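Work through the exercises below with the sequence and the 3D structure at hand. Try each task before reading its solution.

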Amino acid sequence: MKNFIPEDGTLLPLMEEFYTIQGEGFNTGKAAYFIRLGGCDVGCHWCDVKESWDADLHPLTPSDDIVKNAIQYPGKAVVITGGEPLLYNLDYLTKKLKENNILTFIETSGAYPLSGHWDWICLSPKKFKAPTPSIAQFANELKIIVFNKSDFAWAEEHALLVGQNCKLYLQPEWSKANEMLPLIIDYVKNNPKWEISLQTHKYLNIP
């Protein structure tokens, strides 16, 4: 990593930020400001934002500037995603967001230790780099991307690790949705502790 990223999280590699509607999981349909950080070493071959992987391609941006941008919008919720956002210390950014009465949501693979102050943690573990054992207990939502049939067993393994009140979601990988969605429907009907998550923002043609 060429860019020096301070350990206190006051500068972060910002790939993009935009105001939209949350498309996936428990918070689907809610207005939210998305902050996408660059940098990821999980390496999902089906990732639809591979341009986020190299942190050096994205400008180091003051966290204070990110907060100033977020508070301009009427929707008072921020989703921090990536890349893998927990590569970085998110304590400072989330503290400043919460000081401005912004709800803080994160989407993470859990591959790195948790930092930040969160109202909602979506854990989406990946086979390419397993999550750290400590993070599952903090998850509000477990979202498993179903790319093939073996992902159902992977889902059940991680469902055993999260808390009793954690919401459980199965979401078809977009390019395999036609193939996987019928299997997910049958699985949820037989295992109703799970729910279906869809990438509704893609159907709506929004970011």
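On a 1 Å grid over the protein atoms alone, a cavity is a set of points where a 1.4 Å probe fits but cannot get out; a pocket is an open set with protein on both sides within 12 Å along at least five of seven lines; lining residues have an atom within 4 Å of a point. Grid points are joined across faces, edges and corners, and a volume is the space filled by probe spheres set on the points. This is a predicted model, in which local features need pLDDT of at least 70 and side-chain atom pairs count only at pLDDT 80 or more, while totals for chains, interfaces and linings use all residues. Residues are numbered from 1 along each chain as its sequence is written, and side-chain values use heavy atoms, with hydrogens and water left out.

**Exercise 1. The cavities**

Solution. 
- Step 1: Take the largest cavity, with about 40 Å³ of space. Its lining includes Gln 22, Phe 105, Trp 120 and Glu 141.
- Step 2: Assign elements. Helices (H or I, at least four residues) and strands (E, at least two) are DSSP runs, numbered from the N terminus. Strand 5 (103-108) and strand 6 (120-123) each give at least two lining residues, and strand 5 has the largest share, three residues.
- Step 3: Sort by class. Ala, Val, Leu, Ile, Met, Phe, Trp, Tyr, Cys and Pro count as nonpolar, Asp, Glu, Lys and Arg as charged, and the others, Gly among them, as polar. The lining of the largest cavity has five nonpolar, two polar and three charged residues.
- Step 4: Turn to the second largest cavity, of about 30 Å³. Pro 172, Trp 174, Ala 177, Leu 198, Gln 199 and Tyr 203 line this cavity; five are nonpolar, one is polar and none is charged.

**Exercise 2. The largest pocket**

Find which residues lie nearest the centre of the largest pocket, and which strand gives the most to its lining.

Solution. 
- Step 1: The volume of the largest pocket is about 820 Å³.
- Step 2: Of its 40 lining residues, Arg 36, Asp 48, Val 49, Thr 81 and Gly 82 lie nearest the centre.
- Step 3: Strand 1 gives the most, with three residues. Other elements that supply at least two include strand 8 (167-172) and helix 5 (200-204).
- Step 4: By class, the lining holds 16 nonpolar, 14 polar and 10 charged residues.
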